[in-house]
Each structure stands twice: as C-alpha cells, then as structure tokens.
Amino acid sequence: MLPEWAKKTERYEPDGDRDAFAARSLLRVLEVLTALRAQAGRRQRGGADACLALTVIIILGIVAARTTAFLWAVLGGELVILCFLPGVVLRRRLALSLVAAGFCLLLILPAWLLWGPGPYLLLPLRTFLTVTALSLLQERFSWHELTGALRRFHVPQELIFLLDTTLRYLLLLGEQASELLTALHLRSIGHNRHKGSTLTSIIGILLQRAHRLSLTMDEAMRCRGFTGSYPPAAAARSARAYLLPAGLFLLYGYLFLALEGLWR
Amino acid sequence: MHIPENYLSPSTCAVMGAAMLPVWYMAVAKVRKQVPAEKMPLLGIAAAFSFLGMMFNIPLPGGTTGHAVGGTLIAILFGPWAACLAVSVALFIQALFFGDGGILAFGANCFNMAFVLPFAGYAVYRLLRQKLTSARGNLIAAGAGAYVGINLAALCAAIEFGVQPLLFTDAAGHALYCPYPLWISVPAMMAGHLTLFGLAEIIFTSGVLAYVQRTSPELLRADRAGSGKSLYALAAALIVCTPLGLLAAGTAWGEWDPEELAGQDFLGQVLGYTPAGMENGFSYEALFPDYSVTALPDAFGYILSAVIGTALLVIIFKVLASFLAPRVQEQA
C-alpha cells in the first residue's frame with residue numbers, strides 16, 4: 001500500500017534560472033581544450049623555424065607597406081594556402097580573421113566618419129592579413145614545434161620556458177576548469193543567487209591547484225635532470241622543407257622592395 | 001558578353017534580377033540534393049575555370065574582343081543547376097572585385113551566362129549524346145553544346161541591349177541607356193560569337209573535357225569526387241597564361257565606358273551624343289578594375305587577379321560544402 005504522498009503527481013518545475021554564464025564559460029573552456037588537444041597528436045612536419053621567420057618577415061612587410069600593391073600580393077598568397085585547408089578548418093580560420101578585421105573596422109569607423117577616407121582604411125586589411133598569416137602558421141605547426149623553433153632565433157630561454165609551461169598548463173587547468181564547471185552545472189538545481197561568488201570560488205580552486213601543480217612540476221623537473229636550458233630544435237632532415245619558405249621569402253622580399261620603390 | 005553598368009535601365013536590371021531569384025533558389029536546392037558534399041570544392045575549381053576562361057580575351061577584326069565562358073563544361077561535369085550556381089558566383093566575384101560586368105546588371109549577366117548558356121548547352125549535349133556514344137562523340141557533343149550555349153547567351157544579351165532604345169528615351173528621342181537598337185546589337189554581337197568566340201568556347205570546353213577524360217575520368221561520374229589534382233594543375237597553368245588575354249587590346253562589344261563609346265568612330269561619333277543614363281548613372285569603383293592592380297605591371301596584376309579570383313571561388317565552395325555536410329568534412 002503506497003502512502004498518500006507517493007500517490008500524488010509531482011510537477012517539479014525549477015525556476016527559470018539564468019545559467020548562461022556557466023554554460024558559456026564551459027563552452028569556451030571546452031573550445032580551447034579541443035584546440036589544444038587537436039595539436040597533441042600532430043605529426044612533426046619540419047621547417048617550423050623557416051616558416052616562423054617567413055611569417056614574421058611578412059607581417060613586418062604588411063605593417064610597413066605604404067602602398068596597397070604589396071598587401072594584395074600577400075592576400076593572393078594567403079588565399080591560395082587557405083584553399084588547401086579542409087572546409088571546416090578553413091571556415092574557422094577565415095571567421096577568426098574576418099572577426100578581427102571587422103573589429104578593427106569598428107575601431108576606425110569614427111575616424112572615417114569624421115575625417116573621411118585616409119590611409120587608416122587599410123588597417124582592417126592589414127589586420128586580416130596578419131591574423132590569417134599567424135592562423136596559417138598555427139594550423140601547420142604544433143605549438144611545441146613553434147616554441148622549439150623560437151630557440152633557433154636566440155629567444156631567451158626564460159621566455160620559452162614561460163611560454164611552454166603556459167601552454168601545458170592551459171591544457172591541465174582547462175580540463176580541471178571544465179570538470180568544475182560541469183559539476184557546478186549539474187548541482188545547480190533551482191535558483192542560484194550567488195553566481196558571482198560561485199565563479200570566483202572556481203577560479204580560487206584553480207589557483208590552489210595551479211600552485212600544487214607547479215610544485216609537483218618543479219620536483220619532477222629536478223628528478224629528470226632538467227637544467228633549465230632548451231636545446232635548439234634540430235633542423236629539418238630534408239632541404240625540401242626549406243624550399244617553399246625560401247622561395248616565398250625571395251618572392252615577397254623582391255615584391256616589397258620593388259613595390260615600395262626601394263629597388264631601383 | 002558582360003553587360004556593364006548603365007547599359008540596361010534599372011527597371012530592366014530589376015526584372016532580370018527578379019527572374020533569376022527562383023532560378024538561384026532552385027539551383028541551391030538541386031545542388032544540395034544532387035551534388036555530393038565532397039564534390040563541392042571541385043565545383044569551386046570548375047567555377048574558377050569559368051572565371052579564368054573569361055580572362056582570356058580574343059581579338060576580333062574591328063577592335064572588339066570576346067571570351068569563352070565555360071558554362072557548358074561545368075554543366076557536363078556537375079549538372080546544369082550546379083553550373084548555374086558556379087557561373088553566378090564567378091560573375092559575382094568578377095563584378096564585385098574586378099568591375100567586369102555591372103553590379104546592377106548582375107541579374108542580367110547571370111540570366112545570359114549562368115542560366116541560358118549552361119542549360120541550352122547541356123540540353124544540346126544530352127540530345128547529341130544519345131547518338132554519339134563514344135569518347136570522341138562525347139567531345140563532339142560537348143563542343144556542339146558549348147557553341148549553341150554561348151550563341152544563345154549572346155543573342156539574349158543582344159536582345160537586352162537592343163530593346164533599351166525602344167523602351168527608354170528622353171523628350172528629344174535620344175536613348176537613355178544602350179543606344180543601339182536590335183538591328184545593330186544583334187548582328188554586332190552574333191558576328192563575333194558565331195565565329196571566333198563560339199570557336200573559342202568549343203576549344204575551351206572540348207579541350208578541358210578531353211584533359212579530364214584522360215587524367216581524372218572519375219570526375220565524370222556523378223557519385224565520385226576524385227582528388228581533382230589534375231584540375232588544380234590545369235588551373236595553375238591557366239593562371240600563369242592569363243596575361244595572354246592582355247594581348248587583345250580592345251574592349252568587347254557593348255562593354256565600353258561612356259568615353260570609349262564616344263570615341264568609337266562607327267558607333268559613338270555617328271550617334272552624336274552620350275546617353276544621359278550612361279553619363280550620370282550608377283557608378284561603382286571595383287578594387288581591381290579590369291583585373292589590374294595599382295602600381296603593379298599589367299601582366300603581374302593580371303596574374304594576381306587570377307590567383308585571387310580563383311582562390312576566392314575555391315574557398316567559397318569549400319565553405320559552402322562544410323555547411324552542407326559537416327561530418328564528411330571533419331572526417332576529411
């Protein structure tokens with residue numbers, strides 16, 4: 001015989017709590033984690049140092065160019081490389097560059113409206129080209145390869161260590177943040193009035209764990225005999241890896257000098 | 001055959017644009033249904049072929065020029081609806097970035113080159129294919145389809161030009177837009193297309209089709225995509241050769257700007273006036289007018305324009321494919 005209270009039909013309808021903050025934070029964290037994990041299993045392609053140098057030089061060219069002709073030449077090259085990416089990746093990379101260029105356009109809009117057209121109208125194009133160049137570099141090489149390539153350019157070891165550790169910790173702490181946010185999401189039934197303190201608590205927990213992880217990492221590094229020095233990344237075994245960057249360097253170097261009137 | 005800005009009245013442009021709306025709607029629906037998502041990037045390459053084909057100007061005695069379109073070729077490879085979409089996108093890129101064809105006349109240009117041309121060409125091709133079943137017969141049918149397609153498209157453009165002075169005149173009886181009536185525009189347009197430009201379309205269509213038959217026969221099957229590497233190689237070769245299009249110095253018939261029109265001894269000077277609609281009409285400054293880039297030599301500017309146009313077309317169709325079948329793309 002069931003008790004009377006068990007026979008009643010229960011209709012529990014929780015308050016319409018606005019938990020978009022947790023869902024959005026979780027999504028963003030998962031997005032970053034997916035990007036980091038995607039880099040983990042990537043095969044070593046070689047030539048990261050040459051491509052990094054080429055990208056830096058092209059970005060300097062984009063920033064320094066006074067005429068549009070060089071910018072169009074860079075756009076042509078970037079579009080051709082984009083053509084070889086799979087559709088979904090291409091869409092993501094393109095969206096990133098377009099959002100950056102759109103934001104830049106928004107920033108220069110007041111100047112445009114007040115003073116009319118001027119050289120600053122090229123800023124969105126420069127932004128698009130710069131972000132796309134970096135995006136293509138990141139798509140081709142893992143962050144691990146890129147930090148390795150930095151050492152070949154005599155970047156201080158402390159800086160590389162900081163960069164490398166940050167990237168590793170992003171993954172570790174990101175995973176923990178996603179677990180905490182999922183737990184919060186699952187346990188938040190009904191109306192949560194203390195969203196602000198909940199979020200700061202999560203960040204506090206992450207800070208504590210980060211401290212603990214850093215101590216563990218320091219001990220692990222001592223045990224493995226890490227002296228704090230990064231050996232330069234080995235040069236690519238085949239010269240083929242350098243052929244394309246070298247060719248592009250010569251082409252764009254000549255174009256920059258010729259189009260900017262520096263080659264007589 | 002690209003109708004420039006202000007040659008057609010705004011109302012004609014609106015009617016032609018409205019006529020194309022249901023066609024585009026049907027084309028998108030049919031492509032989504034018929035073309036496998038993995039074949040979509042190749043459709044971008046095919047659109048790029050059309051784009052590149054239109055950059056090779058062929059001179060005609062008398063100072064005008066013309067070009068192949070390649071709409072029938074795309075229709076044979078991917079079906080007429082896909083060809084309609086591909087040529088429309090190619091025309092849009094040409095109008096927006098390179099000022100080739102008017103922005104207002106976009107609907108009319110699409111009607112001629114993206115609708116009439118591929119559908120007529122494909123219909124003739126299918127008809128002849130029933131009798132000509134061999135590989136050689138395939139090329140002959142494709143050539144005949146291409147010839148009929150480009151000539152029907154040119155006839156439509158000529159009629160659109162020719163009805164303007166009959167419909168739109170000012171108080172003095174002067175034409176407001178294109179000043180040449182049907183009895184001038186039809187023979188002028190058709191003379192070139194029935195001879196040299198038609199021949200160019202036959203060579204372009206049959207040549208590329210023969211190359212595809214030999215190097216990537218899987219592309220001719222509706223259900224398989226193939227890698228399309230040979231098509232990419234052919235597109236690269238065409239890009240390098242595009243400066244050949246600069247050898248033809250003149251402008252195509254009906255594509256003159258008002259100053260050029262006034263300078264034509266057998267047309268503008270005889271006419272004695274510049275139509276008001278053309279002089280004070282809508283004007284749009286393209287980024288790379290006539291496929292040239294400021295401060296770059298003509299040949300290099302032409303190649304850079306071809307690279308940017310081709311890459312944009314491939315990117316557009318790849319992005320479209322990623323929306324159509326995200327799962328397939330992720331696996332790729």
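Predicted model: local features only at pLDDT ≥ 70, side-chain atom pairs only at ≥ 80, totals over all residues.
**Helix 12 of chain B**

I started with helix 12 of chain B, which has 27 residues and reaches 39 Å from first C-alpha to last, close to the 39 Å expected at 1.5 Å a residue. That expected span is 1.5 Å times one less than the number of residues. Helices here are DSSP runs of H or I with at least four residues, strands are E runs of at least two, and both are numbered from the N terminus. Residues are numbered from 1 along each chain as its sequence is written, and chains are lettered from A and ligands numbered from 1 in the order in which they are written.

Is helix 12 of chain B mostly covered or mostly uncovered? Mostly covered: 22 of its 27 residues are buried. I call a residue buried if 20 or more other C-beta atoms, placed from the backbone, lie within 10 Å of its own.

**The core**

Next I looked up the largest nonpolar core, which has 145 residues. Such a core is a set of buried Ala, Val, Leu, Ile, Met, Phe, Trp, Tyr and Cys residues joined through C-beta atoms within 7 Å. Helix 12 (residues 298–324) of chain B gives the largest share, 16 residues. A47(B), A86(B), V87(B) and L313(B) touch the most other members.

I then listed the contacts of L313(B), skipping neighbours within four places in sequence: they include A47(B), F51(B), V89(B) and I93(B). Contact means C-beta atoms, placed from the backbone, within 7 Å.

Most residues other than glycine have a negative phi. N6(B) sits in the segment before helix 1 (10–34) of chain B, and it is buried, with 25 other C-beta atoms within 10 Å.

**Over to chain A**

Chain A has 10 helices and zero strands. Buried residues make up 20% of its 264 residues.

Where does chain A touch chain B? I found 17 residues of chain A in contact with 19 of chain B. Helix 4 (68–83) and helix 5 (87–115) of chain A each give two or more residues to that side, and helix 4 gives the most, with 10.

Last, the domains: an automatic or database assignment gives chain A domain 1 (46–141 + 234–264) and domain 2 (161–185 + 200–233).

How values were computed:
Contact = placed C-beta atoms within 7 Å. Buried ≥ 20, exposed ≤ 12 C-beta atoms within 10 Å, placed from the backbone.
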